[in-house]
Amino acid sequence: MVQSEKVIEMIGITKKFGEFKANDNIHLDVKKGEIHALLGENGAGKSTLMNMLSGLLTPTSGQIRVNGQDVSISSPNVANDLGIGMVHQHFMLVEKFSVTENIVLGKEEHRFGFMDKDTANKQVQELSDRYGLSVDPKKLVENITVGMQQRVEILKTLYRGADILIFDEPTGVLTPQEIQELMSIMRKLVSEGKSIILITHKLDEIKQVADRCTVIRRGKSIDTVNVRETSQQELADMMVGRSVSFTVDKKPAEPKEAVLKVENLTVKESRGYDAVKNVSFEVKAGEVLGIAGVDGNGQSQLISAITGLMKSASGKITLNGKNITNKKPRMITESGLGHIPEDRHKFGLVLPMTLEENIALQTYYQKPFSNHGFLNYKEIKSYAKKLIEEFDVRTPSEVHSASSLSGGNQQKAIIAREIARDPDFLIAAQPTRGLDVGAIEYIHKRLVEQRDKGRAVLLMSYELDEIMNVSDRIAVMYDGRIIAVVDAKETTEQELGLLMAGVDKNRASAETVTAE
Amino acid sequence: MDILVLLQLIVSSSLMYAAPLIFTALGGTFSERSGVVNIGLEGIMVMGAFMSAVFNLLMFDTFGGLTPWLGLLAGGLIGVLFSLIHAVATINLRADHIVSGTVINLAAPALAVFLTKIIFDAAQTGPLARSFGRSNILGLQNIPVIGPIFFENTSGPAYLGILVAGIAWVVLFKTRFGLRLRSVGEHPQAAETLGINVLRFKYYGVMISGLLGGIGGAIQAQAIHNEFGILTVAGQGFIAMAAMIFGKWNPLGAMGAAVFFGFAQSLSRVGSYIPVIQDIPNIWLQVLPYLLTILILVGLIGRSEAPKKLGITYIKGN
Ligand SMILES: Nc1ncnc2c1ncn2[C@@H]1O[C@H](COP(=O)(O)OP(=O)(O)O)[C@@H](O)[C@H]1O
Ligand SMILES: [Mg+2]
C-alpha cells in the first residue's frame, strides 16, 4: 500500500553547535501522504532538525534517506532537487519584491537573462488557482496580509515542485480564521499526494490535522505516536517530560492595601486621538488584576503610560504612594516596578547583547555591578549564572547573545531579571505569547508566586484562558475605557467575551444568565 | 553673453564635472544593492585616476587618440582589484564596512602618491599626453537649438555615463542577475534558502562598484584635471555616494543626482557669466557641492529606500 511508503527517514541525527548538542541522535520517519507533526518545546531543536532537511545545515552525524535513497543534503538546491520545500518560521520574503518575484527568485523565467514577467505572473496565477492559494501576483509583499504572505511561502515550495513540505510553526502569526484556512490547505495538499511535516507546539492543531506525531525534548526524539490514539494531556506530558497542568493551582487571594493607583488617566496616541480615556483602577498587594480586551483597545498605551514609556495627557498614577505620572522610566522602576513588556524583542531585550548583560540591564549602574562608572563583569556574570540556574533559562552559556535563545528562554530571562529585583508591583504584558505549554505553566506559576508573596501583579493578555486562569479580578477594556471589573471566580468566558465586544455589564450578565 | 552660448557653457561644464560622479554613483548603487556599503569608492577613484594617468603618459605612443578611452579601462581594472580588498574584508572576514572602506580611503592616496613619486620623481604626474577634450555627440549637434546646447563641444564621458546608467537600470530591474543581486541586499537568508549564492552576488556587487569607481577616477584625471596628484579626486567619491543616496539607489536617479552635483561644481567656474550668481563670492560656490553633500547625507540617510540589509554582514545559517 502506498500509505506506508517512507518519503523521509532521519536516522540517528546529531547536530552540534560548538559543544552544544541541539539535536542528539534523533529518529524521524515520514510516510507518503501523511501530515506528520513535530512537537517540542521552544528550543527543543525542531527547526534545527528541519534545517538539515532543507539544506541550510548539515548534520554532525547520522543518515538521511529520501524516498529510500541515502542522500547528503548539502545545500538548499539539493533539497529542492529532492522535492523538499520548507516554509520557515520567520518568513523568508523580500518585502520590496512582488509576490511573483518572491516566488520565482532563484528559478526565474527568463529570456537571455531578461526577466519574463508575464510568463512568471501567469505561472504563479495558475499555481495559485490549482491549489486554492489565493494571492495577488503583482502586489508587493510589503502590502499584503500576513496570511497571504504565508500562502506566498507555500507557493514558493510548490513552484519548485516540492512533494515534501515542511511548515515551521506556521500558525504563530495567523488570526484564527487564517489558521482554519491553513489547516484546510494542508489537508488539500496531502490529498494531492504531498507529504507534510508540521512543526508546532500547539496541541489542538496537532489533534486537528496530524496523522502521526514525533515528540522531541531537549534535542532527543522521545516517541512517535498516532495522534488519534493519544490525548492532548499525554502529548503535553511527553513534550515537557513531566506531568503538566493546564490550569493554575492557587489559593484564594489575600488582597491588602493598594500598591498602584490610577486615577482618571487619559493617554493620547501620537496621531492625536485618545487611546486611553479617563481610566481609574487600583491593584492591591497580594492580588493579580487581569486586563482583558481585544487587541487595540488601549491596553498597550495604558501600560506604556504606567511604565513611563508614553506621556499621560491627564490624570494621576501613584505607585507605593509616590506620584509617578510622567516620570522617567528609571525613577518609576526604582519606585518598585517590574515590567515584562509586551514586545520582548523591542523592549524586553537588547538582542545583540549577551544574556548576562541583558540580565543586568535594570541594575547595571548600581553596586556591586558597577563601581565609579566601571562595570564589574565578575559580579554580573555570577549574578547572571545564578538567575539562569534559578529560572531554568536554557542557553549554551551566559555570554551567548540574547538573540540566539528561543522565545521561551528569552522570556524566562526577562522574567528572571524583573522578578529577581523583587518589585512591589509587577506588570506582565502578554507574558506567554508564542510559548509552549511547559513555559506557559512555568510563567503562570511565577506570577501567582509573586502574588502569594504579597506583591501586586497586573496581567495584560488577549488570551481569555490565561486571564481567567491567573487573575483574581479582571478589568475589561473596550475602546480605551475600563467598561467592567469582574471577579475571576464568578465570571464566565461568555460574559467576558460579550464585555470585550463592548456590551455593557448589566446586559452581558443578563444575557449570560439566560444563555445558561 | 548670448543666452545660447551661456546655456551651452553651463550644460557642457555641468556634464564634464558630472561624468566621474555618474560612474562612481552607479558603482555605489551596485555595491549597496548587494548589501555592502562601499565608502571606499573615494580611494578606488584615487587609484583609478592614478592608473589612468600613468597609462595615459606611458601608452600614448602606442595608442594615440584612443589612449584616454583605454585609460578608462586601466582605471576600471585597478578599481576592481582594490574593491576586492573591500570584498574580502567585509564579505569573508566580516569586517565593518565603514572601517574597511576608510582603510581603503586612507591607503589609496598614500600608495598612489608614493608610486607617483617613484615613477615621476614628483608629487604629480604633470600634464597628460592626451586628455578627453570636447566632442560632438553622434551628429546630434545638428539638431536646431537643443543640438548646440547639449551635443556640441561637450563631454564624451558624460554621455557614456548616461548610457551606462540606462544599462545599469535595465540590469538591476529587468534581468535575473539584478533580481538576485537585489534580493541579496534585501533579505540574504531568503536568497540563500532559494539556492542563491549570497556571497558570490555580494562579490559581483562590490566588483562592479570597483570597476565603475575606477572608471570614475580615470575620467576625473583625464577629463578634468589632466594630471594626477593628491588633489585630483578630493572628495568626489563621497559626493558620488551622496548622489547615489539622493537618487534612491536607482541608477537613473543616481545619474540625475550626479548631473545636479556636476552643475553645482561647475558654478564656481561658470558662475561669473551668470547674472545674480556672479555676485556671490566664489568661495561659496566652491564650497557649495560639499555643503550640499553634507546636507543630503544628513537629511536623507537611513531612509526606507535603502536596501534593508545594507551594511550588515551575512553569516550563513543564521
Ligand atoms: N546557529 C546556532 N548556533 C548556536 N546555537 C543554535 C543555533 N541554532 C539553534 N541553536 C540552539 O539550538 C537549540 C534548538 O533551537 P531550535 O532548533 O531553533 O529550537 P526549536 O525550533 O525547537 O524552538 C536552541 O537552544 C538554540 O539556542
Ligand atoms: Mg523553531
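This is a predicted model: local features need pLDDT of at least 70, side-chain atom pairs count only at pLDDT 80 or more; totals for chains, interfaces and linings use all residues.
Residues are numbered from 1 along each chain as its sequence is written, chains are lettered from A and ligands numbered from 1 in the order in which they are written, and side-chain values use heavy atoms, with hydrogens and water left out.

Back to the ligand. Strand E2 (20–31) and helix H1 (46–53) of chain A are the elements that give two or more residues to the shell. H1(A) gives the most, with three residues. Helices here (H or I, at least four residues) and strands (E, at least two) are DSSP runs, numbered from the N terminus.

How many residues surround ligand 1? There are 13, and the closest are Gly43(A), Lys46(A), Ser47(A), Thr48(A) and Ser404(A); near means that one of a residue's heavy atoms lies within 4 Å of the molecule or strand. The surrounding residues come from chains A and B, so the site is shared between chains. Sorted by class, the shell has four nonpolar, seven polar and two charged residues. In this scheme Ala, Val, Leu, Ile, Met, Phe, Trp, Tyr, Cys and Pro are nonpolar, Asp, Glu, Lys and Arg are charged, and the others, Gly among them, are polar.

Ser47(A) turns up again at the metal. Its OG and the OE1 of Gln89(A) coordinate the magnesium ion (ligand 2), at 2.1 to 2.5 Å. Ser47(A) lies in helix H1 of chain A and Gln89(A) in the loop between strand E6 (84–87) and helix H3 (99–104) of that chain, so the pair ties together parts that are 42 residues apart in sequence. Donors are N, O and S atoms within 2.8 Å of the metal (3.2 Å for Na, K and Ca), and water is not among the atoms, so sites may look incomplete. Ser47(A) is partly exposed at 23% relative accessibility, and so is Gln89(A), at 30%. Buried means under 20% relative accessible area, exposed over 50%, and partly exposed in between (1.4 Å probe, protein chains only).

Now for a look elsewhere in chain A. Helix H9 (residues 299–307) is mostly covered, with eight of its nine residues buried; among them are Leu302(A), Ile303(A) and Ile306(A). Gly308(A) follows H9(A) and has a positive phi, near 85°.

Over in chain B, Asn197(B) is in the loop between helix H8 (188–193) and helix H9 (198–225), and is partly exposed at 37% relative accessibility. Chain B averages a pLDDT (the predictor's confidence in each residue, from 0 to 100) of 93, and 98% of the residues score at least 70. For the complex, the predictor gives an ipTM of 0.92 and a pTM of 0.81.
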